[in-house]
Amino acid sequence: MKNSILKTLLLFAFFISFSCENEEPKPKPQVKPSIAGVVLSFDDAYVSEWFATNQELKKYSWKGTFFVSKINTLKQHQIQKLLELQKEGHEIAGHGLNHYNAADFIRVHTISEYMNQEINPMLDLMNFYGLKITSFAYPYGGRTKKLDAALLKKFKIIRGRAFCEEVANKQGCYYNNSNLVFSFSIDDTHNHFNLPHLLELLDYAKKNNKILILNSHKTVKKVTGDYQTKNETLAFICQYVKRNNMQFYTLSDLDKLK
C-alpha cells in the first residue's frame with residue numbers, strides 16, 4: 001500500500017516538473033514606444049544653404065524635409081545636392097513650380113488650371129531628375145478645402161501653416177493623424193518666433209507624446225533679412241531632440257504612422 005502511494009506521488013511530481021519545463025514563457029507586455037519628435041521642414045529653393053547647413057547638423061543624425069519650388073530654374077549642381085540630401089535620408093518634396101499662392105490663383109482660375117500649371121509639370125520634372133515626391137507644402141500657406149482634395153489625389157500628405165500662434169497647447173502645429181498638417185515658422189524675423197516660445201512647443205511635444213512640425217526658409221549663420229533661420233536655432237532643436245530621446249521625422253514619415 002505504502003509503495004503504491006509512493007509511486008503515485010513520484011509520478012505526480014514528474015508530471016508537474018515536465019509540464020513546467022515545457023510551458024512556454026508568457027510574453028512580456030509590449031510597451032508602446034514614444035513617438036514624440038520633430039519635423040524640420042524648409043521651403044523654396046535655398047538648396048546651397050540647406051546643403052551647407054546639413055553638413056553642420058549631420059552629427060545629430062537629423063532628418064529634414066525640403067519643399068522645393070521653381071525646380072525648372074535650378075542648376076545641375078543644385079539638383080545634384082538635392083539628390084545627395086535624398087540619398088542621406090532627407091525628404092525632397094513639392095512646393096509648386098512657380099510658387100504661386102494657390103488660394104489666390106483659384107480666385108481667377110480653375111483648380112484644374114492650377115494643377116496643370118503648378119503641380120503636374122513640377123512633378124514631371126522632379127521625377128525626371130530622380131526626386132521622389134510624395135509630400136507638398138502650400139506656398140504662403142494659402143489653401144482651400146477643394147484644393148486639399150485635389151492635391152491629396154497627387155500627394156500622400158500636404159502641409160499648411162499654423163497661423164494661430166498662441167500658447168503651446170493651442171497651437172495647430174502638432175501631427176494630428178491627418179494627411180493635412182500645419183507647421184509653425186521658426187524664421188528669425190517671424191512675428192511669433194522666439195526661443196522661449198520654441199522651447200515651450202518642444203516641451204509640450206515631449207510631455208504629451210506629440211510630433212511638432214516646424215518650417216523655415218533660408219538657413220544662415222547670421223540673419224540679414226526676412227525668411228531666414230539661424231543654424232544655431234536648428235542646432236538648438238537638434239540638441240533638444242537628442243537630449244530628450246525624441247525622434248526626427250520627415251513629413252512622409254507621418255503618413256506611415258496611421
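The legends below describe several close-up views of one predicted model.

The model is predicted, so that local features are given only where pLDDT is at least 70 and side-chain atom pairs only at pLDDT 80 or more, whereas totals for chains, interfaces and linings use all residues. Residues are numbered from 1 along each chain as its sequence is written, and side-chain values use heavy atoms, with hydrogens and water left out.

**View 1. Overall composition of the chain.** The chain has 9 helices and 10 strands, where helices (H or I, at least four residues) and strands (E, at least two) are DSSP runs numbered from the N terminus. Of the 258 residues in the chain, 45% are buried; buried stands for under 20% relative accessible area, exposed for over 50%, and partly exposed for values in between, with a 1.4 Å probe and protein chains only. Among contacts with a separation of 6 or more, 71% come from residues 24 or more positions apart, a contact being heavy atoms within 4.5 Å.

**View 2. The salt bridge between Lys63 and Asp253.** The side chains of Lys63 and Asp253 form a salt bridge with an N to O distance of 2.8 Å, the term requiring a side-chain nitrogen of Lys or Arg within 4 Å of a carboxyl oxygen of Asp or Glu. This pair links distant parts of the chain, with Lys63 in the loop between α2 (47-57) and β2 (65-68) and Asp253 in helix α9 (residues 251-255), 190 residues apart. Lys63 counts as partly exposed because its relative accessibility is 25%, while Asp253, at 14%, counts as buried.

View 3. A search of the whole structure finds 8 salt bridges, one of which joins Arg143 to Asp148, with 2.5 Å between the closest N and O atoms. Arg143 is partly exposed at 27% relative accessibility, whereas Asp148 is buried at 7%. In the salt bridge of Lys230 with Glu232, the closest N and O atoms are 3.9 Å apart; here Lys230 is partly exposed at 23% relative accessibility and Glu232 is exposed at 54%. Salt bridges that share partners also join Lys63, Asp253 and Lys256 into one network.

**View 4. Packing of helix α7 against helix α8.** Two packed helices are described by the angle between their axes and the distance between the axes. Helix α7 (residues 195-207) packs with helix α8 (residues 231-243) at an angle of about 25°, their axes being 11 Å apart; axes are lines fitted to C-alpha atoms, for helices over the stretch in contact, and angles run from 0 to 180 degrees between N-to-C directions. The two helices are therefore roughly parallel to each other, given that angles under 35 degrees count as roughly parallel, over 145 as roughly antiparallel, 65 to 115 as roughly perpendicular and the rest as oblique. On the α7 side, Leu195, Leu198, Leu199, Leu202, Asp203 and Lys206 meet Thr233, Phe236, Ile237 and Tyr240 of α8. This contact has 7 nonpolar, 1 polar and 2 charged residues, with Ala, Val, Leu, Ile, Met, Phe, Trp, Tyr, Cys and Pro counted as nonpolar, Asp, Glu, Lys and Arg as charged, and the others, Gly among them, as polar.

**View 5. Packing of helix α2 against helix α3.** The axes of α2 and helix α3 (residues 76-87) come within 9 Å and cross at roughly 40°, which makes α2 oblique to α3. Their crossing is left-handed. Val47, Ser48, Phe51 and Asn54 in α2 meet His77, Gln78, Lys81, Leu82, Glu84 and Leu85 in α3, and by class this contact has 4 nonpolar, 4 polar and 2 charged residues.

View 6. Most residues other than glycine have a negative phi. Asp44, however, has a positive phi near 90°; Asp44 belongs to strand β1 (residues 37-44) and is buried, at 12% relative accessibility. Tyr140, also not a glycine, has a positive phi of about 65° and is placed in the loop between β4 (135-137) and α6 (145-151).

**View 7. The surroundings of Ile35.** Ile35 is placed in the loop between α1 (2-22) and β1 and is partly exposed, at 30% relative accessibility. The C-alpha atoms of Ile35 and Met246 are separated by 7.2 Å, although these residues are 211 residues apart along the chain. When neighbours within four places in sequence are left aside, Ile35 is in contact with Asn209, Lys210, Ile211, Gln247 and Tyr249.

Note on methods: Left-handed = near helix turned anticlockwise from the far one by under 90°.
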